[in-house]
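Dear colleague,

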Amino acid sequence: MRFEIVGNTERVTGQPDVLIIKTREATARIWVYSDSIIRVNVSKAFDETDHSFAVIQKPADQLEYSETTDEIVITTSLLKLRINKSPLRFNFYTANDKELSKDDERFGINWQGERVINYRKLYADEKFIGLGEKTGNLNKRGSSFTNWNTDAALHDTKTDRLYKTFPFFIGIHSGLTYGLFFDNTHKSYFDFGATTDEQMSWFGADGGDMNYYFFGAQSVAKIIEDYTWLTGRMEMPPLWSLGYQQCRWSYMSAAEVLDIAQRFRKEKIPADVMYCDIDYMHGFKIFTWNKETFPNPKAFIAKLKAINFRLVIIVDPGIKIEDGYKQYDEGVDKDYFAKYPNGENYTADVWPGRCHFPDFFRDDVREWWGAAFTALTEPGVEGFWNDMNEPAAWGQNIPWLVKFGDKFMPEVRNAYGMQMARATYEGTRKLLENKRPFVLTRAAYAGTQRYSAVWTGDNSAYDEHMLMGQRMVSSLGITGMSFVGVDIGGFTGNPTPELMVRWNSLGVFTPMFRNHAMQGTIRREPWQWGKKNMAIIKKDIELRYRLLPYIYSGFYQSHKNGMPLSRTLAIDYTYDENVYDVKYHNQFLFGDNILVAPVESMQLTADVYLPAGEWHRLSSGEKYPGGQVYNVDAPLTDLPVFINAGAIIPMQNGVQSTNENGDGILELNVWYGTQVSSFVYYEDDGTSYDYESGDYYKREITFDPAKRTVTFSEVEGSFKSRFGKIQLVLHGFGNLTSLKKQAKRLKPVKNLSASFTIEF
Ligand code: MIG
């Protein structure tokens with residue numbers, strides 16, 4: 001095997017926007033993307049088209065550097081990249097010379113055959129978070145991982161190679177933070193000091209360039225903001241997709257789907273979404289309906305809509321080989337499928353039997369795929385679930401010589417699912433005109449947040465899987481994916497009633513709240529668990545609906561600056577060691593102010609770590625000074641949930657679906673705190689793209705304990721709020737007699753478009 005380490009600089013060329021350094025082995029290119037983002041590409045065969053699936057920004061026009069005999073230094077207002085010329089090494093510092101991250105002096109960037117690797121210095125106290133959907137701990141120090149999108153059915157809490165690839169991590173050491181995004185779609189590897197004698201961390205790939213973006217902002221939140229600036233942010237999701245979603249593999253007929261939906265209404269359990277898994281199709285042929293079991297899709301969907309349900313439909317990439325099947329005939333005719341190098345269409349077995357696979361890397365194929373959704377949008381489907389797009393096929397070992405466009409499978413496999421989701425999103429967005437499609441995908445690559453929500457695939461019905469799922473959700477949040485779900489209850493296996501109830505209570509605080517289960521498992525709908533349990537499940541789902549104004553405002557943050565809805569405590573309490581302790585690493589903030597401590601189903605008390613500040617338990621109002629561990633009650637009826645002092649949380653009164661208007665009262669809950677606090681409230685019509693042209697309702701609400709006021713800023717945007725009245729609910733304010741006296745003064749709060757202040 002060839003082994004080469006990038007060596008001595010032979011030539012340096014400065015162009016206005018890029019610095020080019022040649023060595024005998026390769027050429028390095030360096031661009032500045034912003035004051036806190038520098039890109040390094042070291043390549044033997046740089047492709048001038050410089051294509052990326054993930055990155056949507058361009059480098060800055062100008063790059064400043066200085067050069068001495070030994071060194072080249074690139075400086076921005078926040079970052080300093082010191083390049084050692086011989087041997088060529090890349091060392092990053094803050095603008096005021098604090099060391100953030102360095103190449104390993106000995107091995108730096110190197111090639112082992114076609115593999116390209118970067119060994120970097122490992123700091124004694126260094127922690128690592130990120131990589132999206134991975135098993136293991138929040139702190140990935142001492143672990144190693146592979147990115148190779150895989151249909152990971154039956155994965156456990158140790159399995160590597162899951163469905164998605166997010167080659168982005170954040171390093172934390174010496175009171176400093178940095179981020180690194182390795183933009184390479186080949187099979188890739190990350191080793192955070194697992195087997196390097198505590199000397200190095202490393203990452204690399206089976207091929208392609210050493211191509212990374214280095215982030216130097218000094219906070220985890222700012223690094224996430226920068227990463228999502230670079231790779232894009234999610235649109236506002238359809239409001240209905242934030243309601244409760246009921247799925248199963250499969251509800252076998254239109255009658256059964258309707259029956260389940262009606263039962264929700266009968267039991268008065270709020271819900272918004274029903275799903276059709278693969279059995280709605282005729283012979284598993286994508287874009288067809290089974291004529292016997294779904295004889296009239298339009299009438300069926302109209303009936304669902306009449307009781308305020310939307311339908312989400314699954315699509316797989318595999319196109320059945322069958323003459324006369326439209327997608328097959330067209331695909332063959334136009335040459336739209338992945339191929340062997342001799343031009344034959346690649347064939348593998350999946351649900352429909354022998355299949356071909358659309359080449360989603362091609363513009364014309366994506367367009368064709370997108371347009372085919374008329375078969376679903378025309379009868380009224382608004383949600384599109386993309387499964388099996390790792391891509392999966394029976395045997396799970398697609399030959400390396402299969403080609404997508406001009407690339408062999410191993411080069412782009414990790415982006416296939418993302419390109420399918422993109423085709424689905426772009427097509428359905430066009431077809432639905434001004435309506436927002438809901439797209440959900442299992443496989444993904446960095447940047448997928450621009451097109452789709454994700455779920456964590458086939459999890460299992462046991463406690464550790466539930467807890468690990470929560471870590472995955474929070475970890476996906478670090479890598480730009482805010483809209484994330486897990487199969488509530490566990491896909492594989494049968495949950496105990498306790499686990500079902502507990503998992504559902506955690507689902508309230510999961511960005512996407514979907515109950516789903518595998519064929520052959522026991523039924524999962526809320527009424528399958530006995531009266532007592534159903535009552536708890538119902539109450540929890542009601543809480544989800546009460547919180548929707550807060551949740552929607554949380555998604556507005558994801559849309560605006562990439563801040564995820566589900567936040568590991570490492571975002572806000574980066575330097576607090578307890579946050580990484582495996583006893584507490586499942587805890588997270590849901591939005592700005594709600595701390596949730598996931599608890600195993602049979603554990604009825606829990607040790608909870610409350611970070612600095614002051615916290616109020618949501619259920620009891622009890623106050624807890626932060627910076628301590630508490631052993632708290634955790635019965636199945638009351639997941640430990642704590643509200644940050646000073647929190648402002650908008651809620652609404654009960655509705656059965658997001659399509660209902662409700663009573664028009666926005667309940668503004670304020671928890672007492674000693675500091676000034678504020679919350680950005682956001683609302684729009686929840687279904688259209690009109691918000692992009694200013695049709696939204698946004699205002700900042702500020703609580704000032706010293707002045708004893710709650711102040712509402714002027715409304716920004718042209719949207720008329722659904723809520724005609726605001727009701728203030730104060731928590732932890734002690735004696736409220738003075739407020740009661742002033743209660744009358746709250747009534748005039750009618751002209752909600754102006755700015756105003758309430759005194760108490
Ligand atoms: O080979 O469509 O992860 O959610 O229910 C299994 C059937 C295919 C895997 C998905 C799962 C879905 C199932 N699918």
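Are α5 and α7 roughly parallel, roughly perpendicular or oblique to each other? Before the answer, please keep in mind that this is a predicted model, in which local features need pLDDT of at least 70 and side-chain atom pairs count only at pLDDT 80 or more, while totals for chains, interfaces and linings use all residues. Residues are numbered from 1 along each chain as its sequence is written, and side-chain values use heavy atoms, with hydrogens and water left out.

The axes of helix α5 (residues 363–371) and helix α7 (residues 409–431) come within 8 Å and cross at roughly 50 degrees, and the two helices are therefore oblique to each other. Here angles under 35 degrees count as roughly parallel, over 145 as roughly antiparallel, 65 to 115 as roughly perpendicular, and the rest as oblique. Axes are lines fitted to C-alpha atoms, for helices over the stretch in contact, and angles run from 0 to 180 degrees between N-to-C directions. Helices (H or I, at least four residues) and strands (E, at least two) are DSSP runs, numbered from the N terminus. In the contact (heavy atoms within 4.5 Å), α5 contributes Arg366, Glu367, Trp369, Gly370 and Ala371, while the residues from α7 include Gln419, Met420 and Leu431.

Turning to the strands, 8 of them close into a barrel in the order β21-β22-β23-β27-β30-β32-β33-β34, with parallel pairing, and the twist averages 25 degrees from one strand to the next. Two strands pair if DSSP finds at least two bridges between them; strand β27 (residues 383–386) and strand β30 (residues 438–441) do so in the parallel sense over 4 bridges, and Phe384 has Val439 in β30 as its bridge partner. Helix α7 lies across β23 (310–315), β27 and β30, and runs at about 170 degrees to β30.

Another pair of helices is α10 (residues 530–546) and α11 (residues 548–561), whose axes come within 5 Å and cross at roughly 55 degrees, so that these helices are also oblique to each other. Their contact is made by Arg544, Tyr545 and Arg546 of α10 and by Leu548, Pro549 and Ile551 of α11.

Finally, the domain assignment gives domain 1 (3–218), domain 2 (241–317 + 363–397 + 410–561), domain 3 (577–640) and domain 4 (648–759), with bounds that come from an automatic or database assignment. The centres of domain 1 and domain 4, taken over C-alpha atoms, are separated by 45 Å.
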